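User: I'm new to reading protein models, and I'd like a close look at one part of this one. Could you pick a helix to start from and then walk me through what surrounds the story?

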Amino acid sequence: MLELTLQFLAITLFLEVTPGPAVLFVLYQSAFSFRNALAGILGLLTSNIIWISLVATGLGLVLTQTPVIFNGLRYIGAAYLVYLGYKIIRYGIGKPHADENTQVGNYKSTGSSYRRGMFTSLSNPKALLFFMALFPQFTRPEFFIHDIFYFGAIKMLCLAVVMTSYALMGRRVFNYLGESPWTNTISRVLGGGIIVAAIAVARG
């Protein structure tokens with residue numbers, strides 16, 4: 001079991017570090033405050049709980065084997081990512097705030113960051129296909145549900161650690177840039193990256 005755990009850990013860490021919609025989203029949230037980034041990460045973790053639960057209960061197989069439902073979710077998710085990317089490009093972050101600024105919480109609520117984090121992850125149903133393809137490679141038939149939640153917990157731990165690292169990095173960068181024009185330029189590049197990811201989701 002230790003060998004399987006280490007193999008799963010290595011694969012998961014590599015995949016989490018690879019930039020994708022979640023990484024771009026967390027970096028964008030870090031432009032507001034580290035607290036907003038953490039709220040967004042909690043949203044990502046919540047959506048992962050949903051994906052893992054679908055795999056464990058078998059409902060994930062039902063969704064992936066029903067093209068109308070799965071494709072509908074895929075297109076809705078892609079549309080949401082386009083909407084999110086457009087808003088980031090259109091509005092940037094406005095006036096940047098450092099963590100010590102007491103107005104940060106009023107500028108962008110953590111509740112909004114949490115919801116957007118959850119929807120950002122749920123907008124890509126291909127994540128369900130990933131879970132269904134990866135997890136069975138490491139589970140034992142007689143302990144299927146137990147192993148799903150075991151490796152699911154490891155996956156979420158990797159997600160939390162990697163995304164928090166990105167949030168810290170992003171926060172340092174945006175704090176360093178302060179009110180420089182580069183602040184909104186970088187945030188809009190992140191928005192463009194999310195739109196590119198949305199196209200990939202829509203194309204399957």
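This is a predicted model: local features need pLDDT of at least 70, side-chain atom pairs count only at pLDDT 80 or more; totals for chains, interfaces and linings use all residues.

Analyst: **Helix α9 and beyond**

Let's start with helix α9, which covers residues 144-177: its 34 residues reach 49 Å from the first C-alpha to the last, close to the 50 Å expected at 1.5 Å a residue. Helices here are DSSP runs of H or I with at least four residues, strands are runs of E with at least two, and both are numbered from the N terminus. The expected span is 1.5 Å times one less than the number of residues.

Residues are numbered from 1 along each chain as its sequence is written, and side-chain values use heavy atoms, with hydrogens and water left out.

A search of the whole structure finds seven aromatic pairs; rings of Phe, Tyr and Trp (its six-membered ring) pair if their centres lie within 6.5 Å, with planes under 30 degrees apart called stacked, over 60 edge-to-face, and the rest tilted. One of them joins Y150 and F151 edge-to-face, 5.0 Å centre to centre with 75° between the planes. F151 counts as buried because its relative accessible area is 1%, whereas Y150 counts as partly exposed because its value is 31%. Those words have cut-offs: buried is under 20% relative accessible area, exposed is over 50%, and partly exposed lies in between, using a 1.4 Å probe and protein chains only. Ring pairs also link Y150 and F151 with F8 and F138 into a cluster.

Now let's move to helix α7, residues 110-122. Its 13 residues reach 18 Å from first C-alpha to last, close to the expected 18 Å at 1.5 Å a residue. Its buried residues include S112, S113, R116 and G117, and the buried residues of α7 pack against α2 (21-30), α3 (34-57) and α5 (67-91).

Q29 is found in α2, and it counts as buried because its relative accessible area is 0%. The side chain of Q29 makes a polar contact of 2.6 Å with the side chain of S113. A polar contact is a pair of N or O atoms within 3.5 Å; within protein, one must be able to donate a hydrogen and the other to accept it, and residues adjacent in sequence count only if both atoms are side-chain atoms. Leaving out residues up to four places away in sequence, Q29 touches N36, A37, K108 and S113, where contact means heavy atoms within 4.5 Å.

Finally, step back to see the whole protein. It has ten helices and zero strands. Its radius of gyration is 18 Å, close to the 17 Å that the globule rule gives for 204 residues, so the protein is as compact as a globular protein of that length. That radius is taken over C-alpha atoms, and the rule is 2.2 Å times the number of residues to the power 0.38. The C-alpha atoms fill a box of roughly 55 × 40 × 25 Å along the principal axes, and buried residues make up 44% of the 204 residues. Among contacts between residues at least 6 apart in sequence, 87% join residues at least 24 apart.
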